[in-house]
Amino acid sequence: ILNEGIKVYDISDPSQPRQISSLNLNILRFVTVSPRTIVAEGADGVIYILDLSNLPAIGILSQFEIPGPIAAGSLTCKDDLLFVRFMRKVVADTTYAFDITDLKRPKRIFNYKSKGIPFYSFNEKLLVFMGIKGWDGSSNATGNFDTNIYEIFAISDRSIKHIDDIQLKGIWLSSVLVLDRFVYVAREDAIYVYGVNV
């Protein structure tokens, strides 16, 4: 609750929810790491990693500040990696990735200026950004551009490295799915499948 902090309720009896914990943090959204750990985006631009193992006393394992407003739906966690997209100059123009294997000491392993690349998808092996080639990310006039770009990064040993790009003529911002070492791109005329050697 934005002006009252985090409230935790026991709903084992659905007819009588019972508050069992409270923490005075203004939180915008939660991302689950494990049954007893969550990542929380604070209204103050701070990311908190919370320990729920003792619910009457929620603990803060770590916290760190993001240098700009976090884009909607752009706090994602998977396989001990936490991705955050945020705004420096335009919406979602920068992406950080943190290794959160040690929840008390998150380590930033990736810093990418993704201007004009507004969407992304990832799994434990690949990270793919999708956008418009040459677009500055702020202009509404995209009619001067005619190519989508899909920037592919490999994830390995807690490092993330750019390995290749896919460029397709025509602007079609649609779904991108990453499964194992394959990238699936949905376009208006077909679904394209790319195998990636990493």
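**Figure 1. Pairing of β13 and β14 in the predicted model.** Strand β13 (residues 147-156) and β14 run antiparallel and are joined by ten bridges, in what is a predicted model. Within this pairing, Asn148 stands opposite Leu168 in β14. The two strands belong to an open sheet of four strands, whose order is β11-β12-β13-β14 and whose pairing is antiparallel. Because β11 (119-122) and β14 stand at the edges, each with a single partner strand, one side of each is left without a neighbour in the sheet. On average, and with direction ignored, neighbouring strands of this sheet are turned by 20° against each other.

**Figure 2. The salt bridge between Asp146 and Lys169.** Asp146 forms a salt bridge with Lys169, and the closest N and O atoms of the pair are 3.5 Å apart. The pair links distant parts of the chain, since Asp146 lies in the loop between β12 (126-132) and β13, whereas Lys169 lies in strand β14, 23 residues apart. Asp146 has 44% relative accessibility and therefore counts as partly exposed, while Lys169, at 63% relative accessibility, counts as exposed.

**Figure 3. The three-stranded open sheet.** Three strands form an open sheet in the order β15-β16-β17, and their pairing is antiparallel. β15 and β17 (191-195) stand at the edges, each with a single partner strand, so that one side of each is left without a neighbour in the sheet. Neighbouring strands of this sheet are turned by 15° against each other on average, again with direction ignored. Four bridges connect β15 with strand β16 (residues 182-186), in the antiparallel sense, and the bridge partner of Leu177 in β16 is Tyr184.

**Figure 4. A nonpolar surface patch.** Phe119, Ile171 and Leu173 make a nonpolar surface patch of about 240 Å². Ile171 lies in the loop between β14 (159-169) and β15 (176-179), and because its relative accessibility is 30%, Ile171 counts as partly exposed.

**Figure 5. The salt bridge between Arg29 and Glu41.** The side chains of Arg29 and Glu41 meet in a salt bridge, with an N to O distance of 1.9 Å. This pair links distant parts of the chain, with Arg29 in strand β3 (residues 27-34) and Glu41 in strand β4 (residues 37-42), twelve residues apart. Arg29 is partly exposed, with a relative accessible area of 24%, whereas Glu41, at 4% relative accessibility, counts as buried.

**Figure 6. The salt bridge between Asp102 and Arg105.** In the salt bridge that Asp102 forms with Arg105, the closest N and O atoms are 3.3 Å apart. Asp102 has a relative accessible area of 35% and is therefore partly exposed, while Arg105 counts as exposed at 59% relative accessibility. A search of the whole structure finds five salt bridges.

**Figure 7. The protein chain around the close-up views.** The protein chain has 17 strands and zero helices, and its C-alpha trace spans about 55 × 35 × 35 Å along its principal axes. Of its 198 residues, 42% count as buried, and the accessible surface of the protein chain comes to about 10800 Å², of which 50% belongs to carbon and sulfur atoms. Among the contacts in the protein chain with a separation of 6 or more, 35% are accounted for by residues 24 or more positions apart.

Technical notes:
Residues numbered from 1 in each chain as written. Predicted model: local features only at pLDDT ≥ 70, side-chain atom pairs only at ≥ 80, totals over all residues. Heavy atoms only, no water. Patch = residues over 30% accessible without salt bridge, like charges linked within 9 Å, V, L, I, M, F, W, Y side chains within 5 Å. Areas by Shrake-Rupley, 256 points an atom, 1.4 Å probe, with all protein chains shown as cover. Salt bridge = Lys/Arg side-chain N within 4 Å of Asp/Glu carboxyl O. Buried < 20%, exposed > 50% of the residue type's maximum accessible area, 1.4 Å probe, protein only. Pairing = 2+ DSSP bridges. Axes fitted to C-alpha atoms, helices over the stretch in contact; angles between N-to-C directions. Contact = heavy atoms within 4.5 Å.
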